[in-house]
Amino acid sequence: MKKYLAEFIGTFILVFLGTGTAVVLGGYTGGTDTGYLGVLAIALAFGLSIVAAAYAIGHISGCHVNPAVSLAVWMSGNISTKEVGGYVIAQIVGAFAGSAFLAFIVASSTSLEGFGANGYGELSAVGLNLTGALAVEVVLTFIFVLAILGVTSSKATSHMGGIVIGLTLTLVHLIGIPLTGTSVNPARSLAPAFFAGGDALAQVWIFIAAPLVGAALAALVFKSFFVVKEETGIEIAGNSGIDEVNK
């Protein structure tokens, strides 16, 4: 239960601070152009949220805060099927709590609106179509999860996990924000879409399916081709240290 509570809190931090920054800055969907500084600020908000969560809960649950990451870790054999189910439920509930708190803030304001939902077509700042959105989310999630698996696979680098993962999330947001708003996380997408409703909710399946596909591909590639040899001389394929982050 400690792990599940940690995942709830971590996902709450990510969703509230990440999407909340987007809302405060005026949003990045529906053709809204926040400008370079706005995109950078939102990207940093998501990245720094992961850093904060990683050093707060990483020693307890590994700080997945993302069903796609939990899927990849499960495929790597580092958590059980029962455990991954608990992680995903906690992440989704945490995401909804984060969006609900943001909804309270928006309702308390006379000028704020939106929930930071993802989207394509008219909900994309650059009008990215369905095919483009699917491709972008698969590739960005693949890059993000591959970085996570890589940095946490060895004790020599796992202590840097929070910083590396946060910076990588910032990086994928820099290009992803104008395209889809950047999901790479089904829980982060589902909760804002639920509160936004309409087209955002109708499109959310893309931002659930594509990150899961990207994460699965990353796990398969890492396990199949990237092998870490620890000081013991034992070769370890796949993720061996996701829960060692920040210990």
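This is a predicted model: local features need pLDDT of at least 70, side-chain atom pairs count only at pLDDT 80 or more; totals for chains, interfaces and linings use all residues.
Local features need pLDDT of at least 70 and side-chain atom pairs pLDDT 80 or more, while totals for chains, interfaces and linings use all residues. Numbering runs from 1 along each chain as its sequence is written, and side-chain values use heavy atoms, with hydrogens and water left out.

As for the fold, the chain has 9 helices and 2 strands (DSSP runs of H or I, at least four residues, and of E, at least two, numbered from the N terminus). Along the sequence they read α-α-α-α-α-α-α-α-α-β-β. Of the 247 residues, 51% are buried, meaning under 20% relative accessible area with a 1.4 Å probe, protein chains only. The accessible surface is about 10,500 Å², with 70% of it from carbon and sulfur atoms (Shrake-Rupley method, 1.4 Å probe).

Now to one helix pair. Helix H3 (residues 67-75) and helix H9 (residues 198-225) have axes that come within 8 Å and cross at roughly 30°; axes are lines fitted to C-alpha atoms over the stretch in contact, with angles from 0 to 180 degrees between N-to-C directions. That makes H3 roughly parallel to H9, the label for angles under 35 degrees. On the H3 side, Pro67, Ala68, Leu71, Ala72 and Met75 meet Pro211, Leu212, Ala215, Ala216, Ala219, Leu220 and Lys223 of H9. These contact residues split into 11 nonpolar, no polar and 1 charged (Ala, Val, Leu, Ile, Met, Phe, Trp, Tyr, Cys and Pro count as nonpolar, Asp, Glu, Lys and Arg as charged, and the others, Gly among them, as polar).

Definitions and conventions: Buried means under 20% relative accessible area, exposed over 50%, partly exposed in between (1.4 Å probe, protein chains only). Angles under 35 degrees count as roughly parallel, over 145 as roughly antiparallel, 65 to 115 as roughly perpendicular and the rest as oblique. Contact means heavy atoms within 4.5 Å.
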